[in-house]
Amino acid sequence: MSNESAGYKVEVNFDLCESNAICMDIAPEVFEVRDDDFLYVLNETPSAEQRATVEDAVSRCPKQAISLVDLPSEG
Amino acid sequence: MSAPVRSLTIVGASLAGLRAAESLRRSEFDGRISLIGAEPHLPYDRPPLSKQFLAGEWDHERISLSAPDKFDALELDLHLGTRATGLDVAERSVTLENGTTVSSDAVLIATGARARKLGVADRPGLHVLRTLDDAIGLEADLAAGPNRVVIVGAGFIGAEVAATARQRGLEVTMIDPAEAPMIRGLGVEIGLVCGEVHREHGVDLRLNVGVSDILGSDRVTGVILDDGSTIECEVVVVGIGAIPNTEWLEGSGLELDNGVVCDQTCLAAPGIAAAGDVARWPNQRFGELMRVEHWDNAIDQGTYAAKRLVAAETPEPFAPIPWFWSDQYDRKIQLAGRTKPGDEMMIVDGSIEERRFAAIFGRDNKLTGVFGMNRPRHVMQFRRLLADEASWDEAIAFGQS
Ligand SMILES: Cc1cc2nc3c(=O)[nH]c(=O)nc-3n(C[C@H](O)[C@H](O)[C@H](O)COP(=O)(O)OP(=O)(O)OC[C@H]3O[C@@H](n4cnc5c(N)ncnc54)[C@H](O)[C@@H]3O)c2cc1C
Ligand code: SF4
């Protein structure tokens, strides 16, 4: 389970997202809702250390718009 | 020092219970987790029940709270479709309706709440909305194209059902004895704005009047109001609040008073915690006993309480800022904080006329809450100020910056 490389990617379904910025509150290094009221993913491949925080954001998104996709592990 | 917790029973297989289990597995807890749920269904999400599901847009699969592979990976000892009937606090053992007893090192109570009913006989056409089965029944009645739907109670559930029924092209009357819709959550001023939004969408909104009886014995034919008038309809939806599911705990020795009463770390007894709609605990930040019926709180508290039960050290008290959203028509309503009647109110962005605005609330020179209608970002910004315990003056200055 504990992979050395981060090994995952953040994906947002923008059809579901309604820019309520919950994710930004939890993980501001990864998510930002800007003045134009759109959500921007600042870092699509956060570090392994950030994963728990990003998973928290995934589960707290009221629209279930965020998902983490496991990337094929190198080597 | 007590022995480490190696097994946990979670009673209530919905939002708080499932997210609690998930968070434990994420933190590498590999002991047994037993999940007990009265409903036969795998955990599903309730907010869409009054929105996309009731509109006929989303199906059962779409509202699942966990993809099947992710759910299986939790490796739960699952008991669905059977109700817990008792708890032995000292033994931490839970007895089930089907005769099974599940004993663990710790127990998380997450049995939520159920819809309050009117106190009249059940009959076809008369609905409440809390569960998937409720929603399936109501959706079928709406799809049959009734001439009129009457909503009893203009709280959040009632208002959302009104909006969805209007979007389906149905005639809707919504009745509430209060002077404004959603008054308990939003206060009079904002509640009345929301009431106007409903009127603009063609809802016949009747305030300051209650319902005294439901007509029709084989099937609903109408309602009688307090003022003696009657309204003909084929469908009635009752949305008059929720009651915490604590009956199964009577006689257990736990303190039950409008929920399971806990300490500030959500503990109801040694090794027993409660979370979600069923839990009542002293929220230090507000200095009051709180029971919160919001989606976000169920996750936050479920996660917190699970950790509380298995962690070696006692965590900081659970002191969140309540936050919820409600979708009605194309308006997205959000409220963060704890407002009371008589709080000052100030519009900090947009305008009521545009139906797109943010308003803040304050009392004793303290910011107490923020409301947004199609203003999500503002709500989150002020929610952060609430977390920092900003003064009213600071909040106003921020709003003008
Ligand atoms: C129609 C609807 C729309 C909503 N919309 C919003 C919204 O837009 N925004 C928002 O913030 N919140 C909304 N909510 C509120 C939100 O869904 C709840 O706060 C949340 O579901 C609470 O989760 P919970 O796990 O604490 O309790 P619940 O979801 O009530 O789950 C408790 C579970 O425990 C089970 N149970 C009860 N007794 C027993 C027993 N003795 N043994 C075993 N199992 C038992 C129940 O069957 C149930 O499945 C809505 C609620 C409803 C009903
Ligand atoms: S929490 Fe979900 S809905 Fe809200 S901004 Fe983030 S992705 Fe969008």
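**View 1. The surroundings of ligand 2 in the predicted model.** In this predicted model, ligand 2 is surrounded by A:Cys17, A:Glu18, A:Ser19, A:Asn20, A:Ala21, A:Ile22, A:Cys23, A:Leu39, A:Cys61, A:Lys63 and A:Ile66, where a residue is near a molecule or strand if one of its heavy atoms lies within 4 Å of it. Sorted by class, this shell holds 7 nonpolar, 2 polar and 2 charged residues; Ala, Val, Leu, Ile, Met, Phe, Trp, Tyr, Cys and Pro count as nonpolar, Asp, Glu, Lys and Arg as charged, and the others, Gly among them, as polar. The space that ligand 2 takes is the largest cavity. A cavity is a set of points, on a 1 Å grid over the protein atoms alone, where a 1.4 Å probe fits but cannot get out, and a molecule sits in a cavity or pocket if more than half of its atoms lie within 2 Å of its grid points.

Residues are numbered from 1 along each chain as its sequence is written, with chains lettered from A and ligands numbered from 1 in the order in which they are written. Local features need pLDDT of at least 70 and side-chain atom pairs count only at pLDDT 80 or more, while totals for chains, interfaces and linings use all residues, and side-chain values use heavy atoms, with hydrogens and water left out.

**View 2. An antiparallel sheet of chain B.** Three strands of chain B form an open sheet in the order S13-S14-S15, with antiparallel pairing; helices (H or I, at least four residues) and strands (E, at least two) are DSSP runs, numbered from the N terminus, and two strands pair if DSSP finds at least two bridges between them. The edge strands are S13 (211–215) and S15 (230–232) of chain B, each of which pairs on one side only. On average, neighbouring strands of this sheet are turned by 20° against each other, direction ignored, with axes taken as lines fitted to C-alpha atoms and angles running from 0 to 180 degrees between N-to-C directions. Strand S14 (residues 222–225) of chain B pairs with S15(B) in the antiparallel sense over 3 bridges, and B:Thr230 in S15(B) is the bridge partner of B:Ile224.

**View 3. Strand S24 of chain B and its two partners.** Strand S24 (residues 331–337) of chain B is mostly covered, with 6 of its 7 residues buried; buried means under 20% relative accessible area, exposed over 50%, and partly exposed in between, with a 1.4 Å probe and protein chains only. Strand S23 (residues 323–328) of chain B pairs with S24(B) in the antiparallel sense over 6 bridges, and B:Trp325 stands opposite B:Gln334 in S24(B). These two strands, S23(B) and S24(B), form a hairpin with 2 residues between them. In the loop between S23 and S24 of chain B lies B:Tyr329, whose phi is near 55°, a positive value in a residue other than glycine. At 10% relative accessibility, B:Tyr329 counts as buried. S24(B) also pairs in the antiparallel sense with strand S27 (residues 366–373) of chain B, over 5 bridges, and here B:Phe371 in S27(B) is the bridge partner of B:Leu335.

**View 4. A mixed sheet of chain B.** The strands of this open sheet of chain B, 3 in number, follow the order S18-S21-S22, and their pairing is mixed. Strands S18 (260–261) and S22 (288–290) of chain B stand at the edges with a single partner strand each, so one side of each is left without a neighbour in the sheet. Strand S21 (residues 279–283) of chain B is joined to S22(B) by 3 bridges, and the two run antiparallel; B:Pro282 stands opposite B:Leu289 in S22(B).

View 5. Strand S4 (residues 84–88) and strand S5 (residues 93–96) of chain B pair in the antiparallel sense over 4 bridges, with B:Val94 in S5(B) as the bridge partner of B:Leu87. Their hairpin has 4 residues between the strands, and B:Arg92 takes a positive phi near 55° there. S5(B) pairs in turn with strand S6 (residues 101–103) of chain B, in the antiparallel sense over 3 bridges, and B:Thr101 in S6(B) is the bridge partner of B:Thr95. The hairpin of S5(B) and S6(B) has 4 residues between the strands, and B:Gly99 in the turn has a positive phi of about 95°.

**View 6. An exposed loop residue of chain B.** B:Glu28 lies in the loop between helix H1 (15–26) and strand S2 (32–37) of chain B, and its phi is positive, about 70°, although B:Glu28 is not a glycine. At 58% relative accessibility, B:Glu28 counts as exposed.

Definitions and conventions:
1 Å grid on protein atoms, 1.4 Å probe; cavity = no way out; pocket = protein on both sides within 12 Å on 5 of 7 lines; lining within 4 Å.
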